[in-house]
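User: I'd like to learn how to read a model like this one, feature by feature. Can we go through it together?

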Amino acid sequence: MEWLSSPIVSLISLLIGFTALVLGAVFYFKGKRDKEPSWSSWTVNLFKDYSGTVEDLEVRYLGEKVKNLSISNVLFWNAGRQTIHASDITEADPLRLELQDKGRILSATLIAMNNQASRPLLSRPVGERDRVLISFDYLDREHGFVVRVTHDGTRSRELRLKGALKGADEIKEIDFADFRRGRLGSYAKLLAVPSFLMPALWIFILTIESKVKILVISLLTVPLGVLLFTWFWTLFKQRGVPHGLESFLTWPVERTEEEDHQT
């Protein structure tokens with residue numbers, strides 16, 4: 001039974017225990033039933049302060065004179081496991097899209113939803129040009145919708161989704177860059193090299209003397225544990241656009257082949 005005291009066996013036992021701990025935490029959080037309202041946005045600025053560069057030029061949108069013009073895609077969905085109901089939207093702090101710095105929302109249109117029964121609805125308060133109210137019947141897990149907003153802001157951070165929902169934490173904003181490359185992709189290069197080198201490293205360890213072997217294994221335990229933790233945490237935190245709402249990622253302004261050749 002001397003093999004039980006082998007450093008290799010000890011390390012394997014340590015890794016198995018660590019993996020079980022990480023998986024236990026992952027399954028615990030995955031199994032929680034909670035409301036997790038989430039949103040993300042990205043903006044294309046068509047032009048900015050044209051009057052300062054082009055004399056005697058006037059641009060109008062639906063009859064309104066505009067100096068800046070941007071189009072934003074906004075995604076809102078329930079990332080939690082508990083249903084969000086219409087009654088969860090508070091009257092004092094309603095769910096809404098709001099443009100900062102006294103900007104104007106020129107139009108807001110629903111372009112996608114992945115559950116017709118949720119019946120999302122956009123409405124504009126009388127006399128208010130800087131916000132659009134959002135309502136719906138209910139949102140189950142991964143249910144939501146995409147809104148396309150035309151406004152006179154110039155940056156993505158100027159358009160905000162605000163509001164409070166009963167029984168839920170603050171509405172979570174997800175960076176649009178996370179959808180484009182995915183959190184897993186952002187760590188791919190960091191994880192790829194150590195993963196490919198591990199087999200060769202273990203072969204090398206098996207060929208060296210016992211005393212040195214114990215020292216090497218001890219030194220590798222911590223970085224290997226960090227590597228495994230990073231891998232599992234990355235898989236746990238990775239998010240994708242909910243099925244049926246992929247139009248959120250599409251370019252808000254259609255371009256013709258002729259325009260692409262001229263660019």
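Predicted model: local features only at pLDDT ≥ 70, side-chain atom pairs only at ≥ 80, totals over all residues.

User: Where does Glu142 sit, and what about its backbone?

Analyst: Elements here are DSSP runs numbered from the N terminus: helices are H or I with at least four residues, strands are E with at least two. Glu142 lies in the loop between strand E10 (138-139) and E11. As for the backbone, most residues other than glycine have a negative phi. Glu142 is not a glycine, yet its phi is positive, about 65°. Arg119 also has a positive phi, about 45°, without being a glycine. You'll find Arg119 in the loop between E7 and strand E8 (121-123), and at 55% relative accessible area it is exposed.

User: OK, zooming out: how many helices and strands does the protein have?

Analyst: Four helices and 13 strands.

User: Which residues does Thr43 contact?

Analyst: Contact means heavy atoms within 4.5 Å. Leaving aside neighbours within four places in sequence, Thr43 is in contact with Ser70, Ile71, Ser72, His151, Arg155 and Ser156. Thr43 is in strand E1 (residues 37-47) and counts as buried at 17% relative accessibility. There's a polar contact too, meaning a pair of N or O atoms within 3.5 Å; within protein, one must be able to donate a hydrogen and the other to accept it, and residues adjacent in sequence count only if both atoms are side-chain atoms. The Thr43 side chain makes such a contact with the Ser72 side chain, at 2.6 Å.

User: How do I find the hydrophobic inside?

Analyst: In soluble globular proteins, nonpolar side chains tend to be buried together. We call it a nonpolar core when buried Ala, Val, Leu, Ile, Met, Phe, Trp, Tyr and Cys residues are joined through side-chain atoms within 4.5 Å. The largest one here has 21 residues, and Val74, Phe76, Leu95, Phe136 and Leu161 have the most contacts inside it. Two or more residues come from each of E4, strand E6 (96-99), strand E9 (131-135), strand E11 (144-151) and strand E12 (159-162). E11 gives the most to this core, with three residues. Apart from that core lies another, of 13 residues, among them Val44, Trp77, Phe179 and Leu245.

User: And the aromatic rings: how many pairs are there?

Analyst: Rings of Phe, Tyr and Trp (its six-membered ring) pair if their centres lie within 6.5 Å; planes under 30 degrees apart are stacked, over 60 edge-to-face, the rest tilted. The structure holds five such pairs. One of them is Phe136 with Phe145, tilted at 6.4 Å centre to centre and 50° between the planes. Phe136 is buried at 3%, and Phe145 is buried at 1%. In another, Phe176 and Phe248 have ring centres 5.6 Å apart and planes at 85°, so that pair is edge-to-face. This pair links distant parts of the chain, 72 residues apart: Phe176 is in helix H2 (residues 176-207), and Phe248 is in the loop between helix H3 (210-237) and helix H4 (257-262). Phe176 is buried at 11%, and Phe248 is buried at 0%.

Note on methods:
Residues numbered from 1 in each chain as written. Heavy atoms only, no water. Buried < 20%, exposed > 50% of the residue type's maximum accessible area, 1.4 Å probe, protein only.
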